[in-house]
Amino acid sequence: MVVETVAVAIWAMLPAYIPNNVAVLAGGGRPIDGGRTLDDGKRILGDGKTWRGTAFGTAAGVAVALLLNQLHPFLSGVVVADPFPIAAAVSLAFGAMLGDILASFVKRRTGRQRGAAFPGVDQLDFVVVSLTVTLIAATGWFLDTFTLPVIVAVLVLTPLLHVTTNAAAYALGLKDEPW
Ligand code: CTP
Ligand code: MG
């Protein structure tokens, strides 16, 4: 069923969707790269990747997974998926932040300024890394949950959700660019 597939995709990805949005709200302070540049004269990551944003974003993603686990008994008829093992909660959330950080590394190496759009990468960086890290850290749960149809749903839905939430955050004045 398409509805069930989409429900599992959104439920299982919520701990990965939340971190980047929380980082936007909580970010600031010391950048992860400490202001350092590489031999190319460009910042390693840039001022947009901070310790505080990363810590709060990861914690929020893990908290959402634990909250969903509490709701799980009431949703068993709606979402047909197993609760999040702690390894999956952490890897989904931290993997999402890591994907965004790696994308900034690539953006700086390719001469993109902080905040520049990188179509495709901006929308899917965090999904690919989040899923890869979770495949390694919580293999059994991952293979039970992310069946091929669920992965396809994630790859189709995520760019749509990403574009919508970032446009909304921009319209609300929470984010400097609409991507
Ligand atoms: N943020 C943060 N720490 C992170 C990710 C994001 O503090 N690990 C905060 C920063 O304040 C950042 C904002 O969230 O400016 C928006 O995130 P993002 O769009 O990922 O960063 P950009 O500023 O656009 O920088 P980049 O070009 O490197 O993506
Ligand atoms: Mg950006």
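At which residue does helix 1 bend, and by about how many degrees? Helix 1 bends by about 50 degrees at L14, and a proline, P15, follows within four residues. The bend at a residue is the angle between axes fitted to the seven residues ending there and the seven starting there.

Colleagues, a word on conventions. This is a predicted model, in which local features need pLDDT of at least 70 and side-chain atom pairs count only at pLDDT 80 or more, while totals for chains, interfaces and linings use all residues. Residues are numbered from 1 along each chain as its sequence is written, chains are lettered from A and ligands numbered from 1 in the order in which they are written, and side-chain values use heavy atoms, with hydrogens and water left out. Helices are DSSP runs (H or I, at least four residues), numbered from the N terminus.

Let me stay with helix 1. Its 25 residues, 2–26, should span 36 Å at 1.5 Å a residue, and the end C-alpha atoms are 35 Å apart, which agrees; the expected span is 1.5 Å times one less than the number of residues. Just after this helix, G28 takes a positive phi of about 130 degrees.

Buried means under 20% relative accessible area, exposed over 50%, and partly exposed in between, with a 1.4 Å probe and protein chains only. Of its 30 residues, W11, M13, F84, W141, F146 and V154 touch the most other members. Helix 1 gives the most to this core, with eight residues. Leaving aside neighbours within four places in sequence, W11 is in contact (heavy atoms within 4.5 Å) with L68, H72, V79, A81, D82, P83 and F84.

Next, helix 2 and helix 3. They pack at an angle of about 145 degrees, with their axes 8 Å apart. Axes here are lines fitted to C-alpha atoms over the stretch in contact, and angles run from 0 to 180 degrees between N-to-C directions. Residues of helix 2 including G53, G57 and G61 meet residues of helix 3, among them A89, A93 and M97.

Finally, two loop residues. G77, in the loop between helix 2 and helix 3, is exposed, with a relative accessible area of 71%. K49, in the loop between helix 1 and helix 2, is buried, at 12%. Leaving aside neighbours within four places in sequence, K49 is in contact with P31, I32, D100, I101 and S104.

Definitions and conventions
A nonpolar core is a set of buried Ala, Val, Leu, Ile, Met, Phe, Trp, Tyr and Cys residues joined through side-chain atoms within 4.5 Å.
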